[in-house]
Amino acid sequence: LHNYKNKTFMPALILNDNNEDENSHGGTGKGIIRQALNKFLKTVVEDGKKFDPSRVFSYQNIDLDTQLFVIDDAKKNFNIEELFSFISEGVQIEKKGKQPIRIEFEDMPKNLITTNYALKGSGESHKRRKLDVVLDNHYNAKHTPQDEFGHLLFDDWDKEQWDLFDIFMLRCISTYLEEGVQPIEHVNLLLKQFRLETHPDFEDFAERLALNTEYDKTDLLIMWRKESGIENFSKKVLSSWLNKFAKIKGYELKS
């Protein structure tokens, strides 16, 4: 909501759903947050199903006074790495029939991505460039904001409602300036990212291993090679995946 940009930490905000599986659900309120920000910030919204960062004119709708750039409803397997330089360095804007313009980091809009899927990547470069915010399933197709409040958000508000909205948004800025970003590890999102970065069946394999039990790594490797059909799978990668899985689940893995 404010214009200050910190080069050491200015990630894209990723709004996601708190679902255990990879199926697209939606309806948890990501669109409401986007609309709320749009009331305060000059916003450019791109369709996440069609947006391709590699295309020449991908950013042509951005102007020097654009404050928020939104990729709405990003598709499955969206590659956020293609946005890394855009997020952290700036961008050359190519507009059809016009001279290109360069927007440096300080004047770049902030970035918001909404999606129903986990975005691959959990290394240090990803941690610097994306911040996951997971919305719980309070709202859904059977329980909408209209059901809860008795009116449509934004569309049916009177002056008092708009005043309360303004106060709430200002309180959000105040809380952020006082406390900063308080990261929360969301187990469902971490598991979805784990499946993307490993193998779709490895989580099930790891879940079936008994707790408080000693296993021989060679035996485990043989078991996994047989289940996955990957004959050249290495013991080092197996150990790495088991360590990641244990960390997500809060287990202690002794080797």
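Colleague: How do you know that the span of helix 8 is close to the one expected?

Modeller: This is a predicted model, and the span is computed from it. Helix 8, residues 217-228, has twelve residues. The expected span is 1.5 Å times one less than the number of residues. For helix 8 that gives 16 Å, and its first and last C-alpha atoms are 16 Å apart.

Colleague: Which residues of helix 8 are buried, and what puts them on the same side?

Modeller: Leu220, Leu221, Trp224 and Ser228 are the buried ones. They cover an arc of only 100° around the axis, so they lie on the same side of helix 8. An α-helix has 3.6 residues a turn, so residues three or four places apart point the same way. On the other side of helix 8, Ile222 and Lys226 are exposed.

Colleague: What covers the buried residues of helix 8?

Modeller: The cover includes helix 7 (202-207) and helix 9 (235-249).

Colleague: What makes Asp216 a cap for helix 8?

Modeller: A side-chain oxygen of Asp216 lies 2.9 Å from the backbone nitrogen of Thr218, at the N-terminal end of helix 8. The cut-off for a polar contact is 3.5 Å, so this pair qualifies.

Colleague: What follows helix 8?

Modeller: Gly229 does, with a positive phi near 80°.

Colleague: Now a loop residue. Why does Ser58 count as buried?

Modeller: Its relative accessibility is 9%. Buried means under 20%, so Ser58 counts as buried. Ser58 is in the loop between strand 2 (43-47) and strand 3 (68-74).

Colleague: Which backbone oxygens does the side chain of Ser58 reach?

Modeller: The backbone oxygen of Asp52 is reached at 2.3 Å, and that of Arg55 at 2.9 Å. Leaving out residues up to four places away in sequence, Ser58 touches Glu46, Phe51, Asp52 and Pro53.

Colleague: What do the buried residues of helix 6 pack against?

Modeller: They pack against strand 1 (12-17), strand 7 (130-135), helix 7 and helix 9. Among the buried residues of helix 6 (residues 187-197) are Leu189, Leu191 and Phe194, and also Lys192 and Arg195.

Terms used:
Residues numbered from 1 in each chain as written. Predicted model: local features only at pLDDT ≥ 70, side-chain atom pairs only at ≥ 80, totals over all residues. Heavy atoms only, no water. Helix = DSSP H or I, 4+ residues; strand = E, 2+ residues; numbered from the N terminus. Buried < 20%, exposed > 50% of the residue type's maximum accessible area, 1.4 Å probe, protein only. Arc of directions from axis to C-beta. Contact = heavy atoms within 4.5 Å. Polar contact = N/O pair within 3.5 Å; in protein donor to acceptor, adjacent residues only side chain to side chain.
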